[in-house]
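User: I have a model open on my screen and would like to go through how its parts pack together. Could we take it step by step?

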Amino acid sequence: MTKLQFSPPWWARNPHIQTILPLFTKVKKPHLKRQRLELDDGDFIDLDWSGIPVEGEPIVVLVHGLEGSANSHYARRLLQILAAQNICALVHHHRSCSGVTNRLARSYHSGDTQDLQSSLLMLQAQFPNCPIYAVGYSLGGNVLAKYLGEQQHASLIKSAVVVSAPLQLAACATRLKNGFSKVYQSYLIKQLQQKVYDKLNIPDLSPQMPLTQADVAKLTTFHLFDDRVTAPLHGFTGVDDYYARSSGLPYLSQITTPTLVIHAKDDPFMNDEVIPSQNQLAPAVVYELHNHGGHVGFIDGGTPLKPQFYLEKRIVHFLFEQGQ
């Protein structure tokens with residue numbers, strides 16, 4: 001069996017180049033068909049399909065990161081590669097991430113596995129003979145890891161890959177308050193703040209929101225935002241309760257589905273607390289820790305204008321080429 005190796009080119013050994021360059025070098029957006037899945041609580045999630053399911057053939061579910069979507073660079077690349085191999089795939093959008101505001105005051109969070117389960121149950125019902133594979137990125141990777149650990153043998157997923165997941169949420173929130181990482185925090189917080197403003201401007205939702213327009217601008221860190229918005233809207237007693245109950249790290253030891261977890265030591269979103277020890281890994285989990293790679297980067301060749309990536313090669317190899 002061929003073992004893939006990751007080695008970044010000399011010009012991409014900086015973690016911020018690994019993290020930022022993919023944003024500016026996206027491949028062409030693939031053609032996608034949208035399906036709206038109505039949820040039991042009256043809300044919805046949108047699924048963007050690439051390809052048409054074929055009886056007995058696999059379906060790959062992509063679970064994007066914080067404020068990501070089918071338009072994210074990593075989603076575009078994997079969808080393009082899977083399409084070239086005639087493998088059907090879809091992007092599971094978290095609530096409000098498909099370009100349309102969701103109907104309820106609540107939104108999505110790092111430990112929300114129920115919406116993913118809703119998508120998987122729909123796939124199982126509509127395509128019972130199609131094996132389901134899954135790839136989760138960043139926040140979506142944490143959700144996927146938590147889902148697999150919760151469900152264990154009841155998991156609807158045949159094999160999975162978890163990329164750059166913030167498996168210890170409190171540690172990651174602290175990391176993003178320091179150094180250049182504050183730039184990433186600011187970029188993402190502004191998007192989250194805008195979504196809160198949008199809901200505060202909806203008459204039916206505004207009374208259900210746990211804060212006012214004036215409060216939103218003060219929420220300049222993930223810790224503050226999660227304490228004032230994420231926790232109360234999703235049934236947690238506060239930010240510490242949310243981070244403790246939603247972190248994926250404790251679930252890695254419970255996973256029974258073949259799962260690859262990929263991290264980079266230089267990921268600017270994380271620190272060493274997200275790195276599991278060997279006794280925190282179930283036998284079904286393969287863990288890869290690279291010295292370089294940034295956050296959902298892993299550029300391994302090409303040029304700065306047209307980089308090439310280790311991620312998609314590794315994902316496809318793990319999911320389909322090991323005879324699992």
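User: Which residue in β8 stands opposite Ile262?

Analyst: This is a predicted model, so the answers here describe computed geometry. Strand β7, residues 259-264, is joined to β8 by bridges, and the two strands run parallel. Within β8, the residue standing opposite Ile262 is Glu288.

User: How many bridges join β7 to β8?

Analyst: The two strands run parallel to each other, with β7 spanning residues 259-264. The number of bridges that join them is 6.

User: Which helix packs on the sheet touching β2, β3, β4 and β5, and what angle does its direction make with that of β3?

Analyst: The helix that touches β2 (44-50), β3 (59-63), β4 (88-92) and β5 (132-137) is α2, formed by residues 73-84. Angles over 145 degrees count as roughly antiparallel, and the direction of α2 makes with that of β3 an angle of about 175 degrees.

User: Which strands does helix α10 touch?

Analyst: Helix α10, residues 310-320, also packs on the sheet, and its direction makes about 155 degrees with that of β6 (159-163). The strands that α10 touches are β3, β5, β6, β7 and β8.

User: Which strands stand at the edges of the sheet?

Analyst: The sheet is open, with 8 strands in mixed pairing, and their order is β1-β2-β4-β3-β5-β6-β7-β8. Two of these strands have a single partner strand each, so one side of each is left without a neighbour in the sheet. The edge strands are β1 (33-38) and β8 (285-290).

User: How are helices α3 and α4 oriented to each other?

Analyst: The axes of α3 (residues 114-126) and α4 (residues 139-151) come within 10 Å and cross at roughly 70 degrees. Because angles of 65 to 115 degrees count as roughly perpendicular, the two helices are described as roughly perpendicular.

User: How many nonpolar, polar and charged residues are in the contact of α3 with α4?

Analyst: On the α3 side the contact is made by Leu116, Gln117 and Leu120, which meet Val143, Leu144, Tyr147 and Gln151 in α4. By class, these residues divide into 5 nonpolar, 2 polar and no charged.

User: Are α6 and α8 roughly parallel or roughly antiparallel?

Analyst: The axes of α6 (residues 181-200) and α8 (residues 222-233) come within 10 Å and cross at roughly 20 degrees. Since angles under 35 degrees count as roughly parallel, α6 is, relative to α8, roughly parallel.

Terms used
Residues are numbered from 1 along each chain as its sequence is written. This is a predicted model: local features need pLDDT of at least 70, side-chain atom pairs count only at pLDDT 80 or more; totals for chains, interfaces and linings use all residues. Side-chain values use heavy atoms; hydrogens and water are left out. Axes are lines fitted to C-alpha atoms, for helices over the stretch in contact, and angles run from 0 to 180 degrees between N-to-C directions. Helices (H or I, at least four residues) and strands (E, at least two) are DSSP runs, numbered from the N terminus. Two strands pair if DSSP finds at least two bridges between them. Contact means heavy atoms within 4.5 Å. Ala, Val, Leu, Ile, Met, Phe, Trp, Tyr, Cys and Pro count as nonpolar, Asp, Glu, Lys and Arg as charged, and the others, Gly among them, as polar.
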